[in-house]
Amino acid sequence: MFNLLLNENMKIYRRWRTWIMSAILILLMAFSFVITYGFVGIDEATDWRAQSEERVMQLKSSLAEATNPNSEQMMDAESLKVMQNELKLEQHRLEKDIAPTNYTLWGEVLRMSAFVSLVIIFVVIIAADSVASEFSAGTIKLLLLQPASRSKILLAKYLSVFLFALFMVLLVMATALIGGSIVHGIGGLGDTYLSLTASGEFIERNMLLHTLITYGLQCVSLVFVATIAFLISTVFRSSVMAISIAIVIQFLAPVATIFVLQYDWAKFILFVHMDLTQYLNGTPLIKGIDMPFAVSVLAAYFIVLNGITWLLFNRRDVA
Amino acid sequence: MGVFLRKKKVFLNCSEYVNRHRNGTTTQGDEFVGKNKRKRAEVNNQSTVTNGVNRAQQESEQQPEQQSEQQSEQLEYESELRQGPVLILRNVSKVIGRRKIVDNVSFEVPRGEIFGFLGPNGAGKTTTIRLIVGLMRMSEGEVLINGYSIKSDFAKAIMKVGAVVENPEMYKYMTGYQNLVHFARLIPGIGKERIEEVVKLVRLETRIHEKVSKYSLGMRQRLGIAQALLRKPDLLILDEPTNGLDPAGIREMRDYLREVAQTEGTAVFVSSHLLAEMELMCDRVAIIQQGQLKAVKPVRELVRMQGKKAVVFEVEQKEEALHEIRKYLLERASQGEVLERGAELVDDGVELVLEREQIADLNNRFAEAGVRVYGIRHSKVSLEDSFLELTGGEQVV
């Protein structure tokens with residue numbers, strides 16, 4: 001099994017395109033740093049306390065106005081709640097002396113997690129090609145003539161795709177960390193993250209942990225889009241088809257989600273649950289759905305998608 | 001010390017096996033074609049002995065001591081399996097849709113034999129090969145390799161099969177060497193030495209570190225064969241192996257396959273639609289047409305199939321010659337003998353089918369009648385004729 005994995009890795013990393021993709025990723029991230037800081041420089045981040053105190057004053061005065069029955073400005077309960085929460089958070093921040101993340105080292109790393117969607121595209125390319133290219137190049141015949149079972153070969157391919165994904169995600173984090181430390185220095189490495197959930201509880205955790213959670217949540221959709229690409233690649237043995245369908249799914253999923261939300265069965269749709277942050281923040285797209293339910297739906301999809309791939313790959317006559 | 005003892009024990013098992021094996025080959029002897037076959041079988045036995053010892057060494061190094069009993073039993077069991085044919089097909093059929101692509105095919109290939117699989121394009125050659133190596137599932141029947149069923153015991157069955165199915169397709173973005181490393185990783189006990197050995201065997205030393213995308217078809221063919229040989233196969237399956245090779249390459253390959261079959265006792269299964277190639281290369285040939293096996297015969301028998309040979313008398317007085325022939329044939333016919341076909345005029349004389357004695361008789365007649373004979377020769381009945389006869393004259397190639 002280990003040797004199978006070595007082989008699959010060799011097929012991924014012995015190709016130029018893998019390194020070109022990595023280079024594109026690093027260049028785009030570097031470009032994003034240059035755009036942000038290359039011309040303007042940093043001056044906003046100097047004194048967060050002053051800014052925070054100012055914001056507290058602002059919030060207090062507008063809240064006072066909103067709650068005053070004589071005021072002309074009317075405010076609904078929801079916005080009121082949001083403002084109250086923000087006030088609570090800022091006060092807590094000043095009290096505990098926890099800097100906001102925006103213009104810190106970790107802030108950069110968090111901001112750069114947006115590049116995970118680019119990683120998804122690259123991973124889709126690798127996943128789509130993994131099985132399909134063996135068929136189109138005819139090498140599948142030699143591969144299946146080895147004593148290893150088809151299931152193991154497929155598993156090795158699947159795992160190698162996610163090793164590649166891990167490599168790319170780590171590359172994003174590392175580049176962001178390096179870029180961030182160039183701009184902000186490495187003083188903020190031990191920072192703490194602070195936020196307030198919708199239900200009014202404070203969350204306080206180490207920034208490294210928070211960053212890993214943020215990236216991890218991004219990776220949920222990565223896993224599914226890559227799995228779908230892998231499935232299509234196995235079913236149709238065409239990498240072009242697998243890449244295009246997977247990428248279309250990746251971009252249409254948010255639109256489709258909005259469209260299906262009006263129906264009862266929306267809670268069983270994969271795309272609705274791909275962003276798990278909604279359950280962490282306590283603001284689910286569909287009221288009454290919680291984390292365990294979402295995770296079970298995701299797990300069911302995961303098993304079914306991979307089951308189909310496995311079944312087809314094992315049963316297929318290779319011509 | 002313990003290691004040494006065990007080695008000895010295993011060695012005894014092997015020699016016992018060799019005796020059995022020898023008996024086995026002599027009973028099979030009539031299926032083979034005479035003397036040099038027997039020689040080959042002996043060479044074959046010797047090499048199996050050395051193989052056996054090597055294997056015993058490897059195994060005894062790996063296994064803890066108390067398992068030596070089981071181990072030699074296992075070896076004995078395996079050697080029993082190794083007595084029989086390497087490849088057995090029993091009533092193999094493949095149905096796709098309503099069509100029977102392969103229809104009830106059965107044959108066996110013993111060790112050390114080069115077995116030709118001959119048929120026109122689309123006859124089911126490649127499909128049969130795919131069924132043998134498990135790339136396709138058969139609808140009916142079974143395939144046994146070294147006694148292991150390809151269906152139920154895939155890993156064990158395929159372990160000793162080296163094959164190139166259709167074109168020798170490799171990973172083009174890797175070098176030849178990297179490709180071999182890739183395949184070597186999947187078979188236990190194959191190291192760098194073996195890779196270098198096979199590279200040398202197929203004469204790719206100078207270019208093995210180039211990317212496969214730069215290889216010619218002939219070089220890819222060689223790389224494919226190198227890949228198949230990595231695991232020291234008991235059964236080597238090559239699908240149209242001479243495709244893309246120049247005449248020198250074809251000859252080289254032929255010699256090479258002979259060598260592998262003779263020294264290592266490997267059974268070689270070669271498919272082709274090139275009749276002349278088969279005639280030179282193979283010991284036995286199976287002819288397949290529309291998925292059905294038409295015949296399995298030693299090549300020589302196939303060539304000799306008509307029994308009597310066509311003879312050409314080189315003469316210039318063709319009319320007189322024909323007259324004499326007619327007289328001779330009439331005499332024969334009056335004695336109740338019917339000749340297969342009459343005489344035909346050819347460029348430099350007359351041709352007809354005769355038995356040995358009749359050739360001498362007719363020559364005497366010509367001498368008496370004053371027809372001057374400049375030469376008598378057999379016109380060669382090739383495999384092609386037999387093939388066309390067997391397949392009812394369907395277009396080949």
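Good morning. Counted over all chains, there are 20 aromatic pairs, where rings of Phe, Tyr and Trp (its six-membered ring) pair if their centres lie within 6.5 Å, planes under 30 degrees apart being stacked, over 60 edge-to-face and the rest tilted. The model is predicted, so local features need pLDDT of at least 70 and side-chain atom pairs count only at pLDDT 80 or more, while totals for chains, interfaces and linings use all residues. Residues are numbered from 1 along each chain as its sequence is written, chains are lettered from A and ligands numbered from 1 in the order in which they are written, and side-chain values use heavy atoms, with hydrogens and water left out.

I begin with the rings of chain A. Tyr13(A) and Phe167(A) form an edge-to-face pair, with 5.9 Å between the centres and 85 degrees between the planes. Which parts of chain A does this pair tie together? Tyr13(A) belongs to helix α1 (residues 2–13) and Phe167(A) to helix α8 (residues 150–184), so the contact joins parts that are 154 residues apart in sequence. Helices (H or I, at least four residues) and strands (E, at least two) are DSSP runs, numbered from the N terminus. Phe167(A), at 28% relative accessibility, is partly exposed; here buried means under 20% relative accessible area, exposed over 50%, and partly exposed in between, with a 1.4 Å probe and protein chains only. Tyr13(A) is also partly exposed, at 24%. A cluster linked by ring pairs contains Tyr158(A), Phe162(A), Phe224(A), Phe230(A) and Phe302(A).

Two arginines are placed over rings. A charge counts as over a ring if NZ of Lys or CZ of Arg is within 6 Å of the ring centre and within 35 degrees of the ring normal. Arg15(A) has its charged end over the ring of Tyr173(B), 4.1 Å from the centre. Arg237(A) lies over the face of Phe135(A), at 5.3 Å from the ring centre.

As for chain A as a whole, there are 13 helices and 2 strands. Its C-alpha atoms fill a box of roughly 80 × 50 × 30 Å along the principal axes. Of its 319 residues, 45% are buried.

I turn now to the sheets of chain B. Six strands make an open sheet with mixed pairing, in the order β6-β7-β8-β3-β9-β10; two strands pair if DSSP finds at least two bridges between them. At the edges stand β6 (161–164) and β10 (292–298) of chain B, each pairing on one side only. Strand β8 (residues 267–272) of chain B pairs in the parallel sense with β3 (residues 114–118) of chain B over 5 bridges. On its β7(B) side, β8(B) is likewise joined by 5 bridges, and these strands run parallel. Phe269(B) in β8(B) stands opposite Phe115(B) and is also the bridge partner of Ile237(B). Leu118(B) stands opposite Ser272(B).

Is β8(B) mostly covered or mostly open? It is mostly covered, with 6 of its 6 residues buried. Ala267(B), Phe269(B) and Ser271(B) are buried on one side, and Val268(B), Val270(B) and Ser272(B) on the other.

Chain B has a further open sheet, of 4 strands in the order β2-β1-β4-β5, with antiparallel pairing. Its edge strands, β2 (99–109) and β5 (148–149) of chain B, each have a single partner strand, so one side of each is left without a neighbour in the sheet. Strand β4 (residues 140–145) of chain B meets β5(B) over 2 antiparallel bridges, and Leu144(B) stands opposite Ser149(B) there. Helix α4(B) lies across β1 (87–96), β2 and β4 of chain B at about 115 degrees to β1(B). Such angles run from 0 to 180 degrees between N-to-C directions, the axes being lines fitted to C-alpha atoms, for helices over the stretch in contact.

Finally, the cores. A nonpolar core is a set of buried Ala, Val, Leu, Ile, Met, Phe, Trp, Tyr and Cys residues joined through side-chain atoms within 4.5 Å. Which residues touch the most other members of the largest one? They are Leu87(B), Val133(B), Leu257(B) and Phe269(B), out of 158 residues. Helix α8(A) gives the most to this core, with 14 residues. Leu257(B) has contacts (heavy atoms within 4.5 Å) with residues including Ile114(B), Leu236(B), Val268(B) and Met281(B), leaving aside residues up to four places away in sequence. Another core lies apart from the largest one and holds 15 residues, among them Ala321(B) and Leu354(B).
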